[in-house]
Amino acid sequence: MNRNTISRRTFAKGFAGMGAVALTGALGLAGCGGESTGNGSAAPSGDGTTYKIGVLQLTEHTALDAANAGFVKALDDSGISYTIEQQNAQNDQSACQTIAQTLVNDGCDLILAIATPAAQAVAGATSDIPIVGTAITDFAASGLVEDNDAPGGNLTGTSDMNPVADQMDLLQQLLPDAKTVGLLYCTAESNSDIQIAMAEEELDALGIAHERYTVSSSNEIQQVVESMVGSVDAIYTPTDNTIAAGMTTVAMVANEAGVPTICGEVGMVENGGLASVSINYEELGYRAGEMAVEILTEDADPAEMAIGTMTADECDLVYNQATADEVGVDVSMLAEEGGTDVSA
């Protein structure tokens, strides 16, 4: 994306309802978890095999839920027969480790790990069972694989590496008078460190000052955002799971103060952020599901399966008109460019 222009991007369409995807069919995500039977085929797969699949999701929020739903849809579309054990760690690191070990002990044929801490926990629990990760920014930088092009172990998956440069261009386009941007994220998430460093580099190139504001848990979000008011002209927050889960709190404080927030993904915009160039997490999870099917049915080797990515042109331009009205920002240009208003 060229500087100071949005019109040269081709955005994917048909996205407006993704954040409200219902986790139905084989997906049983309520509470800590539960086991369901896949309905992808009327008979067992191929040679009569019914695969046992475990899922460890870090926490509940729109993006991770959508990735989970996409994964299950890919399994169903493939026609394989499977049972699936859904577990959610509720953003608790110790719970991640306990659940990961339980899924390993249960003898799963494959484990899906949703978000970086979940993948790190599963990778630490087994070097034998195939692992597919999704909603992970950089597998190699997070120590999950040797190389994103050649993972080299039992783990592969799909990356939600953000189009951070495009998000910074979007910020400048919507907020041309912004002089200082507050970078809001959780210090416990390595994926956020990567994105924040990228944002700083882009903001430096744009000549916009920036300052980091961090939380260590969701309990600190309100206080930290309150401290930003009066010191920054805008907020940027990446695909940070802690901030995403607490986005309504961010929006409550920031929007009332007239401070717009550019977000890492669509669910955060739905919950009160201003706008984003967002990964489609349902599609991201679907592609992870396709990889899982290849591993289960075609003996594909995770060590040789490059980490899947989505290009910037596959991302979605989204905005929240209600938020724009509240903070006094003109987003009409986004509507003209085919962006989706997710406030409805």
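## Cysteines

Cysteine 108 is buried, and its relative accessible area is 5%. Cysteine 315 also counts as buried, at 1% relative accessibility. Both values come from a predicted model.

A disulfide is a covalent bond that joins the sulfur atoms of two cysteines. How many disulfides does a search of the whole structure find? The search finds zero.

## Helix α1

Helix α1 covers residues 62–78. From its first C-alpha to its last, this helix of 17 residues reaches 24 Å, which is close to the 24 Å expected at 1.5 Å a residue. The helix is mostly covered, with 14 of its 17 residues buried. Just after α1 comes glycine 79, which takes a positive phi of about 85°.

Helix α1 also holds a charged pair. Lysine 73 and aspartate 77 form a salt bridge in which the closest N and O atoms are 2.9 Å apart. The two residues are four residues apart in the helix, about one turn. Are they buried, exposed or partly exposed? Lysine 73 is partly exposed, because its relative accessible area of 39% falls between the cut-offs of 20% and 50%. Aspartate 77, at 45% relative accessibility, is partly exposed as well.

## Salt bridges between elements

Side chains that carry opposite charge can pair when their charged atoms come close. A search of the whole structure finds four salt bridges, including the one between lysine 73 and aspartate 77.

Another salt bridge is formed by arginine 212 and glutamate 200, with 2.8 Å between the closest N and O atoms. This pair links distant parts of the chain: arginine 212 belongs to strand β8 (residues 209–215), glutamate 200 belongs to helix α5 (residues 190–206), and they are 12 residues apart. Arginine 212 is partly exposed, with a relative accessible area of 37%, whereas glutamate 200 is buried at 17%. Glutamate 200 counts as buried because its 17% relative accessible area is under the 20% cut-off.

Glutamate 314 has a relative accessible area of 27% and is partly exposed. Arginine 287, with a value of 23%, is partly exposed too.

Strand β12 is made of residues 316–319. Asp316 and Val318 point one way from the strand, Leu317 and Tyr319 point the other way, and all are buried.

Which strands pair with β12? One is strand β11 (residues 275–278), which runs antiparallel to β12 and is joined to it by four bridges. Within this pairing, leucine 317 in β12 is the bridge partner of valine 277. Another is strand β13 (residues 340–341), which pairs with β12 in the parallel sense over two bridges. Here aspartate 341 in β13 is the bridge partner of tyrosine 319.

Note on methods:
Residues are numbered from 1 along each chain as its sequence is written. This is a predicted model: local features need pLDDT of at least 70, side-chain atom pairs count only at pLDDT 80 or more; totals for chains, interfaces and linings use all residues. Side-chain values use heavy atoms; hydrogens and water are left out. Buried means under 20% relative accessible area, exposed over 50%, partly exposed in between (1.4 Å probe, protein chains only). Two strands pair if DSSP finds at least two bridges between them. A salt bridge is a side-chain nitrogen of Lys or Arg within 4 Å of a carboxyl oxygen of Asp or Glu. The expected span of a helix is 1.5 Å times one less than its number of residues. A disulfide is a pair of cysteine sulfur atoms within 2.5 Å.
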